[in-house]
Amino acid sequence: MPTVTYISFSGDRHSVDADIGKSVMETAVSNGIPGIDADCGGACACATCHVIVEQEWFERLTPPDDAERSMLEFAVDPQPCSRLSCQLVVTEALDGLVVHTPSTQR
Ligand code: FES
């Protein structure tokens, strides 16, 4: 089972087992990870699931589609490695994925 690690802005680390086929957002919510509100439930319509992916992982992800790219413009302080975690689907290849939650999401 793949493991995903979430690191808060203050440095708290939470590593959780993730079900293949679930999103990185769903994995966070079901494990009580703070800082990922996911107000729209994964419809790519709120940007409250914004994460900053560690560089080495960012390059391995499927690039964002137009809808995600547009919604990322509404994220607070987007970074070059920003993604919407509801659009990242867990696969075996993402075992070890590390994402950071922004300072505005606690
Ligand atoms: S949960 Fe709303 S955009 Fe991801």
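Colleague: How many of the residues of strand E1 are buried?

Modeller: Please bear in mind that this is a predicted model. Buried here means under 20% relative accessible area. Strand E1 is mostly covered, and its buried residues number 4 of 5.

Colleague: Which residue in E2 stands opposite Tyr6?

Modeller: Strands E1 and E2 run antiparallel and are joined by 5 bridges. The hairpin of E1 and E2 has 5 residues between the strands, and Gly11 takes a positive phi near 100° there. Within E2, the residue opposite Tyr6 is His14.

Colleague: Which residue is the bridge partner of Tyr6 in E5?

Modeller: E1 is also joined to E5, through 4 bridges, and these two strands run parallel. In E5, Tyr6 has as its bridge partner Val99.

Colleague: Which residues touch the most other members of the largest nonpolar core?

Modeller: In soluble globular proteins, nonpolar side chains tend to be buried together. The largest nonpolar core of this model has 29 residues. Elements giving two or more residues to this core are strand E1 (3-7), helix H1 (24-30), strand E3 (50-53), helix H3 (66-72) and strand E5 (97-100). The members that touch the most others are Tyr6, Val24, Ile36, Val53, Leu84 and Leu97.

Colleague: Which residues does Val53 touch, not counting residues up to four places away in sequence?

Modeller: Val53 is one of the core residues that touch the most other members. With residues up to four places away in sequence not counted, Val53 touches Phe58, Leu61, Cys81, Arg83, Leu88, Leu97, Val98 and Val99.

Colleague: Why does Ser85 count as buried?

Modeller: Ser85 is found in the loop between strand E4 (82-84) and E5. Not counting residues up to four places away in sequence, Ser85 touches Ser23, Val24, Met25, Ile36, Cys49 and Val51. A polar atom of the Ser85 side chain lies 2.8 Å from the backbone oxygen of Cys49. Ser85 counts as buried because its relative accessibility is 0%.

Colleague: Is Ser23 buried or exposed, and at what relative accessibility?

Modeller: Ser23 is placed in the loop between strand E2 (13-17) and H1. Leaving out residues up to four places away in sequence, Ser23 touches Ser85, Cys86, Leu88, Val89 and Val90. Ser23 counts as buried, because its relative accessibility is 5%.

Colleague: What is the relative accessible area of Pro64?

Modeller: Pro64 has its place in the loop between helix H2 (55-58) and H3. Leaving aside neighbours within four places in sequence, Pro64 is in contact with Arg69 and Arg83. Pro64 and Glu54 are 10 residues apart in sequence, and their C-alpha atoms are 15 Å apart in space. Pro64 is buried, so its value falls under 20%; the relative accessible area is 18%.

Colleague: What is the relative accessible area of Arg69, which is partly exposed?

Modeller: Arg69 has its place in helix H3. The side chains of Arg69 and Asp66 are joined by a polar contact of 3.3 Å. Arg69 and Ser82 are 13 residues apart in sequence and 9.7 Å apart in space, C-alpha to C-alpha. Arg69 is partly exposed because its relative accessible area is 42%.

Colleague: Cys44 and Asp77 each have a positive phi. Which relative accessible area makes Asp77 exposed?

Modeller: Most residues other than glycine have a negative phi. Cys44, with a phi of about 60°, lies in the loop between H1 and E3 and is buried, with a relative accessible area of 12%. Asp77, with a phi of about 50°, is found in the loop between H3 and E4. Exposed means over 50%, and Asp77 is exposed because its relative accessible area is 54%.

Note on methods
Residues are numbered from 1 along each chain as its sequence is written. This is a predicted model: local features need pLDDT of at least 70, side-chain atom pairs count only at pLDDT 80 or more; totals for chains, interfaces and linings use all residues. Side-chain values use heavy atoms; hydrogens and water are left out. A nonpolar core is a set of buried Ala, Val, Leu, Ile, Met, Phe, Trp, Tyr and Cys residues joined through side-chain atoms within 4.5 Å. Buried means under 20% relative accessible area, exposed over 50%, partly exposed in between (1.4 Å probe, protein chains only). Contact means heavy atoms within 4.5 Å. A polar contact is a pair of N or O atoms within 3.5 Å; within protein, one must be able to donate a hydrogen and the other to accept it, and residues adjacent in sequence count only if both atoms are side-chain atoms. Two strands pair if DSSP finds at least two bridges between them.
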